[in-house]
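Morning, everyone. Please have a look at the sequence and the structure while I talk.

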Amino acid sequence: MCNKCEKFDNIEIRGPEEMHNVVDYLKEAEKNSVLTEILKEADKFSPKHTNLNEIEKGKPWPSDIIEVYLKCINCGNEIKLFCDTYHGGGDVKIVKPNKL
């Protein structure tokens, strides 16, 4: 974990407003070249895999279960956004720490 991605580890999501705030936070990090979205081979056809751009305020959730994977540009750590939109909770975690 590096100083660029450590702030994306263990973010709890407790409802729709927090989910949108976290998505905006991740989109901003991607725009600023801190993170880049990745598509894992096993998830290509999974109904729960979602692109960050599919999640927008004022529109229906793209799926009941949302998973988005991103990668830290600096150290290569993989970061996973998970949200259960039906039950209203989720988190962001570093799921594959890159050993530096």
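From the N terminus on, the elements run β-α-β-β-β-β. That makes one helix and five strands in the chain. Keep in mind that this is a predicted model.

Now, the overall numbers. The chain has 100 residues, and 41% of them count as buried. Take the contacts between residues at least 6 apart in sequence: 51% of these join residues at least 24 apart.

Next, the strands. Let's start with β3. Why can we call β3 largely enclosed by the rest of the structure? Because six of its eight residues are buried, with buried meaning under 20% relative accessible area.

Who pairs with β3? On one hand there is β2, residues 35-38, which runs antiparallel to β3 and is joined to it by four bridges. Find I38: its bridge partner in β3 is Y69. On the other hand there is β4, also antiparallel to β3. Here the count is seven bridges. For an example, look at E67, which stands opposite F82 in β4.

β3 and β4 form a hairpin with five residues between the strands. Stop at G76 there. This glycine takes a positive phi near 90°.

On to the nonpolar core. The largest one has 24 residues. Which of them touch the most other members? They are C5, F8, M19, L26, L35, L81 and V92.

Let's zoom in on C5. Leave out residues up to four places away in sequence. What does C5 touch then? The list is C72, C75, N77, I79 and I94.

Last topic: empty space. Rolling a probe the size of a water molecule over the atoms shows where such space is left. How many cavities of 30 Å³ or more does the count give? One. The largest cavity has a volume of about 30 Å³. Its lining is G15, P16, M19, W61, C83, T85 and G88. Sort those lining residues by type, and you get four nonpolar, three polar and no charged.

Terms used
Residues are numbered from 1 along each chain as its sequence is written. This is a predicted model: local features need pLDDT of at least 70, side-chain atom pairs count only at pLDDT 80 or more; totals for chains, interfaces and linings use all residues. Side-chain values use heavy atoms; hydrogens and water are left out. A nonpolar core is a set of buried Ala, Val, Leu, Ile, Met, Phe, Trp, Tyr and Cys residues joined through side-chain atoms within 4.5 Å. Buried means under 20% relative accessible area, exposed over 50%, partly exposed in between (1.4 Å probe, protein chains only). Contact means heavy atoms within 4.5 Å. On a 1 Å grid over the protein atoms alone, a cavity is a set of points where a 1.4 Å probe fits but cannot get out, and a pocket is an open set with protein on both sides within 12 Å along at least five of seven lines; lining residues have an atom within 4 Å of a point. Grid points are joined across faces, edges and corners, and a volume is the space filled by probe spheres set on the points. Ala, Val, Leu, Ile, Met, Phe, Trp, Tyr, Cys and Pro count as nonpolar, Asp, Glu, Lys and Arg as charged, and the others, Gly among them, as polar. Helices (H or I, at least four residues) and strands (E, at least two) are DSSP runs, numbered from the N terminus. Two strands pair if DSSP finds at least two bridges between them.
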